[in-house]
Amino acid sequence: TCTQVVTVIDTENPTITCPADVTVTADAGLCTAVVALGTPVTNDNCVVASTTNDAPATFPVGTTTVTWTVTDNSGNTATCTQTVTVTDNENPTITCPADVTITADAGQCLSSVVVLGTPVTNDNCGVSTVVNNAPATFPVGTTTVTWTVTDIHGNTATCTQVVTVIDTENPTIT
């Protein structure tokens with residue numbers, strides 16, 4: 001008698017089809033999202049040993065590529081990629097400074113020095129700009145100043161502040 005060893009080697013890679021790409025909005029108050037990725041479809045001529053991915057626990061606003069890997073019992077692998085897009089559609093917040101009442105400049109029917117103050121702003125991802133439409137000088141009467149905050153993803157919010165200039169200067173007569 002004799003013994004012959006026959007070794008069968010599995011060199012065939014498994015197959016994997018990724019779940020569909022995912023687009024979601026950021027979770028409320030956050031600049032990230034928890035995303036349900038779905039499940040890939042895998043197959044192998046022998047046995048699938050594991051299916052893994054490199055996804056983070058939370059996804060930042062923007063586009064993230066997730067790589068899925070399937071491994072069979074013989075160590076053969078295959079990969080596919082899935083795109084996860086997180087958008088920020090949450091508007092920033094803005095609270096205007098208090099309304100201002102000031103007297104007109106001496107001899108003028110306007111005020112050239114008005115201290116508006118600074119609004120309080122906040123955003124889930126970050127504030128980019130804060131601007132207002134205040135004129136260089138304020139005429140006697142009421143002027144409404146509109147403040148606009150824009151976040152780093154282009155979302156905006158506004159508030160208004162009222163500036164009242166009063167004329168307390170008596171007229172003259174000869």
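How many bridges join strand E15 (residues 141–151) to strand E16 (residues 156–166)? There are ten, and the two strands run antiparallel. Strands here are DSSP runs of E with at least two residues, numbered from the N terminus, and two strands pair if DSSP finds at least two bridges between them. One place to look is Val 145, whose bridge partner in E16 is Gln 161.

Before going further, please note that this is a predicted model, in which local features need pLDDT of at least 70, side-chain atom pairs count only at pLDDT 80 or more, and totals for chains, interfaces and linings use all residues. Residues are numbered from 1 along each chain as its sequence is written, and side-chain values use heavy atoms, with hydrogens and water left out.

Strands E15 and E16 belong to an open sheet of four strands, in the order E10-E16-E15-E13, with mixed pairing. Strand E10 (100–103) and strand E13 (127–132) each have a single partner strand, so these two stand at the edges and one side of each has no neighbour in the sheet. From one strand to the next, the twist averages 20 degrees (axes are lines fitted to C-alpha atoms, and angles run from 0 to 180 degrees between N-to-C directions).

Now turn to strands E5, E7 and E8. Strand E5 (residues 48–53) pairs with E7 in the antiparallel sense over five bridges, and Asn 53 stands opposite Trp 68 in E7. E7 and E8 are also antiparallel, paired over ten bridges, with Val 86 in E8 as the bridge partner of Gly 62. These two strands form a hairpin with four residues between them, and Gly 75 in the turn has a positive phi of about 90 degrees.

A nonpolar core is a set of buried Ala, Val, Leu, Ile, Met, Phe, Trp, Tyr and Cys residues joined through side-chain atoms within 4.5 Å; buried means under 20% relative accessible area, exposed over 50%, and partly exposed in between (1.4 Å probe, protein chains only). The largest such core has 15 residues, and those with the most contacts inside it are Val 35, Leu 37, Phe 59, Trp 68 and Val 84. Strand E7 (62–72) and strand E8 (77–87) are the elements that give two or more residues to this core, and E8 supplies the largest share, four residues. A second, separate core has 14 residues, including Ile 94, Val 100, Phe 138 and Val 165.

Finally, look for the disulfides, pairs of cysteine sulfur atoms within 2.5 Å. A search of the whole structure finds three. In one of them, the sulfur atoms of Cys 18 and Cys 80 are 2.0 Å apart. Cys 18 lies in the loop between strand E1 (15–17) and strand E2 (22–25) and Cys 80 in strand E8, so this pair ties together parts that are 62 residues apart in sequence.

Another disulfide joins Cys 31 to Cys 125; the torsion about its S-S bond is about 110 degrees, so it is right-handed. Cys 31 is partly exposed at 25% relative accessible area, whereas Cys 125 is buried at 18% relative accessibility.

Cys 96 and Cys 159 form a disulfide with their sulfur atoms 1.9 Å apart, and both residues are buried. Numbered in sequence order, the bonded cysteines of the chain pair as 1-3, 2-5, 4-6.
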